[in-house]
Amino acid sequence: MRVLGIVFLLTCFSQGLMGQWSPDANKLSGVYQSKKDQFERYSIITLKDNGQFTYEYGLGGCQGNVKGTWKVVGREVQFKNDLEFREDSITVYPDMSKTNWRATKIGIKPAAPVNSGCLEVAETHLKSTVISDREYTVSIIQLISNPEEYHKKRVQVKGYLNLEFEGNAIYLHKDDFKNGISKNALWLSFSDKLTTSQFKKLNHKYVLISGTFNMDHLGHMGLFSGTIESIETVQRNW
């Protein structure tokens with residue numbers, strides 16, 4: 001009995017981690033903007049595909065920028081200023097190498113405050129494709145009723161999972177699936193890294209899925225109300 005219990009716990013643990021998100025340098029490249037940015041206050045980091053970065057910051061008349069290199073180590077982004085952007089006796093630059101930035105599904109956040117001389121930032125910088133950290137988790141109803149607002153945005157939704165040939169979808173409720181109400185569902189488009197075979201044990205269960213919403217793709221025969229594509233994670237929603 002003890003052995004069976006251990007096997008059961010390991011099985012549950014593996015299912016919970018199935019599709020767990022981890023940062024990928026290829027996916028992290030892009031523009032990240034502070035969620036606290038407002039008129040005359042900005043903090044923007046651009047991660048380029050070639051491993052170069054640009055950090056632009058400003059508050060009123062105080063403005064500046066730093067360039068250098070970046071890389072992913074574990075779940076963090078590490079920066080290194082180019083030689084010309086290192087502090088000297090005349091100009092003060094933020095030393096980006098002093099603080100690692102934690103990578104999440106929606107953006108990057110410094111492990112400690114970064115002081116540029118103009119302003120100090122410690123908040124999450126959202127990727128340009130993300131609406132906001134608050135709205136990242138949305139309901140299927142929100143996506144169906146306001147598709148233009150979330151089109152091409154990264155979202156996380158909860159629903160009832162159905163996996164079958166020409167029928168991979170996430171439904172608002174189990175009853176919607178049983179009654180064939182596909183307009184209350186979103187088509188699922190898996191990437192090469194995530195296949196349906198990885199999630200068979202989650203079929204016909206309530207799950208949490210993260211990916212990019214596409215209002216123009218309506219699934220098989222146009223029966224659905226949009227598509228979740230570039231799917232990153234599929235997890236059991238207890």
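**Salt bridges**

I began with Lys152, which at 43% relative accessibility counts as partly exposed. The model is a predicted one. I looked up the partner of Lys152 and found a salt bridge with Glu229, with the closest N and O atoms 3.6 Å apart. Lys152 sits in the loop between helix 4 (147–150) and strand 11 (154–162), and Glu229 sits in strand 15, so this pair ties together parts that are 77 residues apart in sequence. Glu229 has a relative accessible area of 15%, so I logged Glu229 as buried.

How many salt bridges are there by this rule? I count three. I went on to Arg41, which forms a salt bridge with Glu123; here the closest N and O atoms are 3.1 Å apart. Arg41 belongs to strand 2 (residues 41–47) and Glu123 to the loop between strand 9 and strand 10 (125–127), so the pair ties together parts that are 82 residues apart in sequence. I noted both Arg41 and Glu123 as buried; for Arg41 the relative accessible area is 11%.

Arg41 also forms a salt bridge with Asp37, the closest N and O atoms being 3.2 Å apart. I have Asp37 as buried, because its relative accessibility is 18% and the cut-off for buried is under 20%. Salt bridges with shared partners join Asp37, Arg41 and Glu123 into one network.

**Disulfide**

I searched for disulfides and found one. Cys62 and Cys118 form it, with their sulfur atoms 1.9 Å apart. Which hand does the disulfide of Cys62 and Cys118 have? I read a torsion of about -70 degrees about the S-S bond, so the disulfide is left-handed. Cys62 lies in strand 4 (residues 62–73), while Cys118 lies in the loop between strand 8 (114–115) and strand 9 (120–121), so the pair ties together parts that are 56 residues apart in sequence. I logged Cys62 as partly exposed at 32% relative accessibility, and Cys118 as buried at 14%.

**Backbone phi**

I checked for positive phi. Most residues other than glycine have a negative phi. His204 is not a glycine, yet has a positive phi of about 60 degrees. I placed His204 in the loop between strand 13 (185–188) and strand 14 (206–214), and at 38% relative accessibility His204 counts as partly exposed.

Met221 also goes on my list, with a positive phi of about 60 degrees although it is not a glycine. Met221 lies in the loop between strand 14 and strand 15 (227–236). Is Met221 buried or exposed? I have Met221 as exposed, at 68% relative accessibility.

**Aromatic rings**

I found nine aromatic pairs in the structure. One of them is Tyr171 with Phe177: the ring centres are 5.5 Å apart and the planes stand at 70 degrees, so I recorded the pair as edge-to-face. Tyr171 is buried at 6% relative accessibility, whereas Phe177 is partly exposed at 22%. I also noted one aromatic cluster formed by Tyr160, Tyr171, Phe177, Trp187, Tyr206 and Phe224.

**Second largest pocket**

I looked up the second largest pocket, which has a volume of about 200 Å³. Its lining takes in 13 residues, and those nearest the centre of the pocket are Tyr93, Pro94, Asp95, Lys98 and Asn115. How do the residues of the lining divide? I sorted them into six nonpolar, three polar and four charged.

Note on methods
Residues numbered from 1 in each chain as written. Predicted model: local features only at pLDDT ≥ 70, side-chain atom pairs only at ≥ 80, totals over all residues. Heavy atoms only, no water. Disulfide = S-S within 2.5 Å. Helix = DSSP H or I, 4+ residues; strand = E, 2+ residues; numbered from the N terminus. Buried < 20%, exposed > 50% of the residue type's maximum accessible area, 1.4 Å probe, protein only. Phe/Tyr/Trp six-rings, centres within 6.5 Å; stacked < 30°, edge-to-face > 60°. 1 Å grid on protein atoms, 1.4 Å probe; cavity = no way out; pocket = protein on both sides within 12 Å on 5 of 7 lines; lining within 4 Å. Points joined across faces, edges and corners; volume = space filled by probe spheres on them. Nonpolar A, V, L, I, M, F, W, Y, C, P; charged D, E, K, R; others polar. Salt bridge = Lys/Arg side-chain N within 4 Å of Asp/Glu carboxyl O.
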